[in-house]
Every structure is written in structure tokens, then in C-alpha cells.
Amino acid sequence: MISGLPFTATLAVSLLFTFVSGAVDEGLNEVKYGYSGETAPDQWGNLTPIFGTCSSGKHQSPVNIIQNECAVNKTLAPLNMTYHSGNASMMSSGLVVGVHYEASVGDLIIDGKKYHFTQMHWHAPSEHLIDGERYAAELHLVHEADDQTYAVVAVIYQYGKPNSLINKFKKPLVKLGEEQCTGLGSLHKVPLGIFNTRRMKKPVHKYYRYVGSLTTPPCSESVTWSVLANVKTISKEQVEELKAPLCPGCKENARPVQELNGRRVELYSDEQGQQQLQQQQLEKKRRAAKRSRS
């Protein structure tokens, strides 16, 4: 029987796509969580003792990232990601839509520790906030180490031009959207074949780093988060495609932000990252001025 953090962390990813293994207690896969009503995020900790950290944890995710309160940490290194192609499937559990790989398709190395890339999924709207602003959507690239701890890279999207990565999944997303929701945790799957993950690996010039938790039950802590500061674009049509396979009450599958409780969000930024930040801040001011005029 698996116990402690490794058990709960594995359970979180299992529940995300309902891959509940034989090591999990019989009947545990019947514990359903959601995003509204009696299974909403504020009730997760009451659904089962294994989800207790969702309400009692002090290092929870997501958080509101206040840019002018983030300290530059010069000891942080560039994100060292090495990805390759692998056999994949697009899946929906009614709670979330994502891509699951049959085996690791690459590694993320943080402080000399290797985390294996096994799956990615989307939330809409975004879970993390930047300066109090919630964006259109958020992608989580989930990496698992041999000791079953996790590192997650988050990509935030704002409304704009269609996203090239999500465009690659248009047909399977449409197919998943045609499936009727048969209940939370009911798994629908569309094989993708060999997907070239290497194209996802691009230089990262600026990111926010903090230690938090998984954003779905059991909300296991000691998760290393790297939230990319460069906000990508996504079209409204693409957001609707990501939401279409989800069950009613889960169309907006973002957990509310959690208190930092004394934690610090640190910043990695190279010279090009500083230029991106300035451009992003100017664009944000333009959007605010446009809203005030309308």
C-alpha cells in the first residue's frame, strides 16, 4: 500500500484522468469532486479525509502573483526542458481536458533533480492571477520525479489570436466535445498517435517560481511551480473547444486563488525577459485604457 505524499500526489494525477490504480483503496475512485455545488472547491476538504489538505494546507495553489512584490532570484536557472516525441491520447474526464502520454516524453531538471513529463491539461479561466487579473485559460505541463514529487510549468493565455499548439488538437477536441457527459470521472479518449512534443520546447526568458500544491484534490503540497511570465494568446473559439467536453458545473474549472501564508514568489528573468515584461506592461495599460473608453 502506498502511503504519505507519494500516494496522494499519485492519486491527484490519477483522479485528474481517473487512472485509479489497483494500489488505491477500493471505492476511492468513487469520490467525486467538482467546481460547483456540494463538490465545489470550498468543499473539497470535506469530501474525504484524503482531500483534507485542500482545506488545511498552508502552501496551496494557485496564487495571485503581484509582480512588483516578486524578488529577482539570481540563483534561479533557465528552465532546462528536454522533450521528445511519444504516443499520446487526448482525454476528458468531464472535469478537465488534457493530453496523456503512455510513457515519459522528456525531462525537466530543477536544482539537479529530474522530473519526467507525462501529461498536460488546461483550465479555463486561468487558475493563477497576475496582479489580480484572471486570464482566459492556463496550461499545466505536469512533470513527476522518481520519488513521486511534482514540478508543474504553467502557461497563461489571454484572448487574442488562435494558439498554434491548441490548433494541433482541434479535431480530437471537436470529437471529445461530441461525447455526452456521462458523469464526473467518466473518461473519454481520442488517440493522437505519435505527437512531436519537441516543438513545445522553446526558450523561456522569464518565469515566476514558488512552492505550492496541486490545484486539484488531494491538493498535495511541495509542488515546484514555474509560471511563465510571457502570456500567450488563445481565441474565444479555442476556449469553447476546451470547455465543450466538460460536464455541466465544470465548464469553468479554475480553483480560486489561495493565500501565500508567508511564501515568496521569486522571479527568473534574463535580459530578453525584461524587454518582454516592459512590452507586456505597456499592452496591459493599452487594454485598461481601451476598457475605460468603452
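# Reading the fold, feature by feature

Author: Start with one pair of residues. L129 stands opposite R134 in β9. Keep in mind that the model is predicted.

Reader: Which strand is joined to β9 by two bridges, and in which direction do they run?

Author: The partner is β8, residues 129-130. Two bridges join β8 to β9, and the two strands run antiparallel.

Reader: What is the order of the strands in that open sheet?

Author: The order is β1-β8-β9. The sheet is open, has three strands and shows mixed pairing. Look next at its edges. β1 (64-65) and β9 (133-134) each have a single partner strand, so one side of each lacks a neighbour in the sheet.

Reader: Zoom out. How many helices and strands does the chain have?

Author: Seven helices and 16 strands. The chain has 294 residues, and 51% of them count as buried. Now take the contacts between residues at least 6 apart in sequence. Of these, 69% join residues at least 24 apart.

Reader: How do I read the burial of a helix?

Author: Begin with the geometry. An α-helix has 3.6 residues a turn, so residues three or four places apart point the same way. Then list the buried positions. In α6 (residues 236-243) they are Q238, V239, E241, L242 and K243.

Reader: Which elements do the buried residues of α6 pack against?

Author: There are strands and helices on the list. The strands are β5 (97-101), β7 (113-123), β11 (150-159) and β15 (232-234). The helices are α4 (164-167) and α5 (170-178).

Reader: Take Q119 in β7. Is Q119 buried or exposed?

Author: Buried. Its relative accessible area is 1%, and the cut-off for buried is under 20%, so Q119 qualifies. Then ask where its polar side chain goes. The side chain of Q119 makes a polar contact with the side chain of H121, at 3.0 Å.

Reader: Which members of the largest nonpolar core touch the most other members?

Author: Y101, M120, W122, F169 and M200. That core holds 42 residues. Another core lies apart from it, with 20 residues, among them V63, C70, L214 and V227.

Reader: What does Y101 contact beyond its sequence neighbours?

Author: Leave aside residues within four places in sequence. Y101 then contacts G86, N87, A88, F117, T118, Q119, M120, F195, T197 and M200.

Reader: On to rings. How many aromatic pairs does a search of the whole structure find?

Author: Nine. Read each one by distance and angle. Y33 and Y35 have their centres 6.4 Å apart and 65° between the planes, which is an edge-to-face pair. Both Y33 and Y35 are buried. For F169 and F195, the centres are 5.1 Å apart and the planes meet at 35°, so this pair is tilted.

Reader: Where in the chain do F169 and F195 lie?

Author: F169 is in the loop between α4 and α5, while F195 is in strand β12 (residues 188-195). They are 26 residues apart, and the pair links distant parts of the chain. Both F169 and F195 are buried.

Reader: Which residues do ring pairs link into a cluster?

Author: Y33, Y35 and W44. Rings can also face a charge. The charged end of K236 sits over the ring of Y159, 5.7 Å from the ring centre.

Reader: How do I read a loop residue such as H84?

Author: H84 is in the loop between β3 (80-83) and β4 (86-92). It is partly exposed, with a relative accessible area of 37%. H84 and V105 are 21 residues apart along the chain, and their C-alpha atoms are separated by 5.3 Å. Residues up to four places away aside, H84 touches S104, V105, G106, T197 and R198.

Reader: Which residues does a cis peptide bond with omega of about 5° join?

Author: S61 and P62. P62 is in the loop between α3 (53-56) and β1. A cis bond also joins P217 and P218, with omega about 10°. P218 lies in the loop between β13 (206-213) and β14 (221-228).

Reader: Where is Q148, and what is its phi?

Author: Q148 is in the loop between β10 (137-145) and β11. Its phi is positive, about 65°, although Q148 is not a glycine. At 23% relative accessibility, Q148 counts as partly exposed. Now check S222, in strand β14. Its phi is near 65°, again positive in a residue other than glycine. S222 counts as partly exposed, at 47% relative accessibility.

Methods: Residues numbered from 1 in each chain as written. Predicted model: local features only at pLDDT ≥ 70, side-chain atom pairs only at ≥ 80, totals over all residues. Heavy atoms only, no water. Buried < 20%, exposed > 50% of the residue type's maximum accessible area, 1.4 Å probe, protein only. Helix = DSSP H or I, 4+ residues; strand = E, 2+ residues; numbered from the N terminus. Contact = heavy atoms within 4.5 Å. Polar contact = N/O pair within 3.5 Å; in protein donor to acceptor, adjacent residues only side chain to side chain. Pairing = 2+ DSSP bridges. Phe/Tyr/Trp six-rings, centres within 6.5 Å; stacked < 30°, edge-to-face > 60°. Lys NZ or Arg CZ within 6 Å of the ring centre and 35° of its normal. Core = buried A, V, L, I, M, F, W, Y, C linked by side-chain atoms within 4.5 Å.
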